[in-house]
Amino acid sequence: MILKFFKSPTCGPCKMFTPQIKSAIIETNITEEDYDVSTETGLAEANKYNVTHSGTAILTDNDGNTLFTWEHPVPAAQLIKDIKQFM
């Protein structure tokens with residue numbers, strides 16, 4: 001599984017969500033991919049997943065299929081719980 005995190009360097013909620021993302025990655029030992037939506041590459045990946053705003057995290061399987069989406073910061077414990085249901 002891969003946790004794709006779509007963020008912007010100037011996004012307040014993104015900065016709030018980053019520590020929770022890092023904790024969940026460590027706890028679940030899954031792969032993380034960060035995308036800066038202010039870049040062409042990040043925006044292209046965001047469009048692929050219909051991401052409409054920064055601060056969105058998407059859990060995908062290894063083939064890129066969406067399993068779960070978080071559109072706002074949530075506590076690390078909730079992220080971990082949501083991820084573990086797919087393990």
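The model is predicted. The chain has three helices and four strands. Its radius of gyration is 12 Å, close to the 12 Å that the globule rule gives for 87 residues, so the chain is as compact as a globular protein of that length. Read from the N terminus, the elements follow the order β-α-β-α-β-β-α.

**Overall dimensions and packing**

- Taken along the principal axes, the C-alpha atoms of the chain fill a box of roughly 30 × 30 × 15 Å.
- Of the 87 residues in the chain, 39% are buried.
- Among contacts between residues at least 6 apart in sequence, 63% join residues that are at least 24 apart.

- Strand β1 covers residues 2-7 and strand β2 covers residues 31-36.
- The two strands pair in the parallel sense, and six bridges join them.
- In this pairing, I2 stands opposite T31 of β2.
- Helix α1 covers residues 12-28.
- Together, β1, α1 and β2 make a β-α-β unit, and this unit is right-handed.

**Strands β3 and β4**

- Strand β3 spans residues 56-60, and strand β4 spans residues 66-70.
- How do β3 and β4 pair, parallel or antiparallel? They pair in the antiparallel sense, over four bridges.
- L59 has F68 in β4 as its bridge partner.
- β3 and β4 form a hairpin with five residues between the strands.
- In this hairpin, G64 takes a positive phi near 90°.
- In a regular strand, side chains alternate between the two faces of the sheet.

**The disulfide**

- The structure holds one disulfide.
- The disulfide is formed by C11 and C14, whose sulfur atoms are 2.5 Å apart.
- Why is the disulfide of C11 and C14 right-handed? The torsion about its S-S bond is about 80°, so the disulfide is right-handed.
- C11 has a relative accessibility of 9% and therefore counts as buried, because the limit for a buried residue is under 20%.
- C14 is also buried, with a relative accessible area of 1%.

**Helix α2**

- Helix α2 runs over residues 40-48, and its buried residues are G42, E45 and A46.
- Seen down the axis of α2, these buried residues fall within an arc of 100°, so they line one face of the helix.
- The face of α2 turned away from the buried side carries the exposed residues E40 and K48.
- Strands β1 and β2 are included in what covers the buried residues of α2.
- After α2 comes N50, which has a positive phi near 55°.

**Helix α3**

- Which residues of helix α3 are buried? In this helix, residues 76-84, they are A76, L79, I80, D82 and I83.
- Seen down the axis of α3, the buried residues fall within an arc of 165°, so they line one face of the helix.
- On the face of α3 turned away from its buried side are the exposed residues A77 and K81.
- The cover over the buried residues of α3 includes helix α1 and strands β3 and β4.

- E27 lies in helix α1, and K84 lies in helix α3.
- E27 counts as partly exposed because its relative accessibility is 46%, between the limits of 20% and 50%.
- K84 counts as partly exposed as well, because its relative accessibility is 41%.
- Leaving aside its neighbours within four places in sequence, E27 is in contact with I80 and K84.
- With neighbours within four places in sequence again left aside, K84 is in contact with E27 and T28.
- E27 and A76 are 49 residues apart along the chain, and their C-alpha atoms are separated by 9.4 Å.
- K84 and V74 are 10 residues apart in sequence, and the distance between them, C-alpha to C-alpha, is 15 Å.

Terms used
Residues are numbered from 1 along each chain as its sequence is written. This is a predicted model: local features need pLDDT of at least 70, side-chain atom pairs count only at pLDDT 80 or more; totals for chains, interfaces and linings use all residues. Side-chain values use heavy atoms; hydrogens and water are left out. Two strands pair if DSSP finds at least two bridges between them. A crossover is right-handed if, with the strands pointing away from the viewer, the path from the first strand over the helix to the second runs clockwise. A disulfide is a pair of cysteine sulfur atoms within 2.5 Å. Buried means under 20% relative accessible area, exposed over 50%, partly exposed in between (1.4 Å probe, protein chains only). The arc is that of the directions from the helix axis to the C-beta atoms. Contact means heavy atoms within 4.5 Å. The radius of gyration is taken over C-alpha atoms; the globule rule is 2.2 Å times the number of residues to the power 0.38.
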